[in-house]
Amino acid sequence: VNVSYEGKQILKNINWEVRKGEHWSVAGPNGAGKSTLLSLLTGDNPRAYANEIYLFNRRRGSGESIWDIKKRIGYVSPELHLHFDPLATTFQAVASGLFDTIGLFRQLNAETEALVMQWLKFFELDKKAHRQLNMLSAGEQRLALLARALIKNPPVLILDEPCQGLDEITTARFRQSVNEICLLSGATLLYVSHYQQEWPECIDKHLSLNKGAASITYS
């Protein structure tokens, strides 16, 4: 992959393969190209069509829609949190993950309602299901968005600085939850963070970006 904007090269000859069930950290200083790289994977960057990118063993630009990609990826980031509808209830926020929407615009049947409640109980949010999201603590809101990402049982989980702005206790809880879920579900994990202490224990592969170039290590 090579990506340039206005003559400045953002990503330089990135060659990266992620296999099913692997757990990766993605790190690098601000401006290293992490967000650009992720946007190529989540379907949000049209530069994907100008590069040789395969997602789920299919070449980008071979007829898949952005929704075909998104339904197979669970995603959490501070930006998603910032732009999420603060008036949505906790229940609605989690349920919206079934449809990859920012808010719930469809009726649920009894089965999907029960599924939402299962995830709320997993994160001990069931008693706050019908509170507005902005009435929860920052940590509880981030856990609700993690439940939103997980509710469709995605084969790939992309967490972009998911603990930004959270205190140590909430960060530890979030980290433990991600670790348990990945080990139990077999989901592939891409975890972006500057701070190694935030990485779930299951991570044993590392992609580091610096000025657009990548290096890969294993632990």
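Mentor: Start with the radius of gyration. The chain has 17 Å, and a compact globule with 219 residues would have a value near 17 Å, so the two agree. Keep in mind that this is a predicted model.

Trainee: Okay, and what does the C-alpha trace span along its principal axes?
Mentor: About 50 × 40 × 35 Å.

Trainee: How many helices and strands are in there?
Mentor: You'll find 7 helices and 10 strands in the chain.

Trainee: What share of the residues counts as buried?
Mentor: 51% of the 219 residues do. As for the surface, the chain exposes about 11,700 Å², with carbon and sulfur atoms supplying 48% of that.

Trainee: And the charges? How many positive and negative side chains are there?
Mentor: There are 24 positive and 23 negative ones, and the centres of the two sets lie 4 Å apart.

Trainee: Let's zoom in. Is strand 3 enclosed or open?
Mentor: Largely enclosed by the rest of the structure, because 5 of the 5 residues in strand 3, which covers residues 23–27, are buried.

Trainee: Which way do its side chains point?
Mentor: His23, Ser25 and Ala27 point one way from strand 3, while Trp24 and Val26 point the other way, and all of them are buried.

Trainee: Which strands does strand 3 pair with?
Mentor: One is strand 8, residues 188–192, in the parallel sense over 4 bridges. Strand 9, residues 205–210, also pairs with strand 3 in the parallel sense over 4 bridges.

Trainee: What comes just after helix 1?
Mentor: Gly43, which takes a positive phi of about 90 degrees.

Trainee: I keep noticing Trp16. Where is it found?
Mentor: Trp16 is in the loop between strand 2 (8–11) and strand 3. With a relative accessible area of 17%, Trp16 counts as buried, because the cut-off for buried is under 20%.

Trainee: What is Trp16 in contact with, leaving aside its neighbours within four places in sequence?
Mentor: Trp24, Val26, Leu37, Leu41, Leu190, Leu207 and Ile216.

Trainee: Last topic: which residues have a positive phi although they're not glycine?
Mentor: Asp100 is one of them, with phi near 55 degrees, and Lys211 has a positive phi of about 55 degrees. In general, most residues other than glycine have a negative phi.

Trainee: Where do those two lie?
Mentor: Asp100 lies in the loop between helix 4 (90–95) and helix 5 (110–122). Lys211 lies in the loop between strand 9 and strand 10 (213–218).

Trainee: Is Lys211 buried or exposed?
Mentor: Exposed, with a relative accessible area of 65%.

Terms used:
Residues numbered from 1 in each chain as written. Predicted model: local features only at pLDDT ≥ 70, side-chain atom pairs only at ≥ 80, totals over all residues. Heavy atoms only, no water. Rg over C-alpha atoms; globule rule 2.2 N^0.38 Å. Buried < 20%, exposed > 50% of the residue type's maximum accessible area, 1.4 Å probe, protein only. Areas by Shrake-Rupley, 256 points an atom, 1.4 Å probe, with all protein chains shown as cover. Lys, Arg positive; Asp, Glu negative; His and termini not counted. Charge placed at Lys NZ, Arg CZ, Asp CG, Glu CD. Pairing = 2+ DSSP bridges. Contact = heavy atoms within 4.5 Å.
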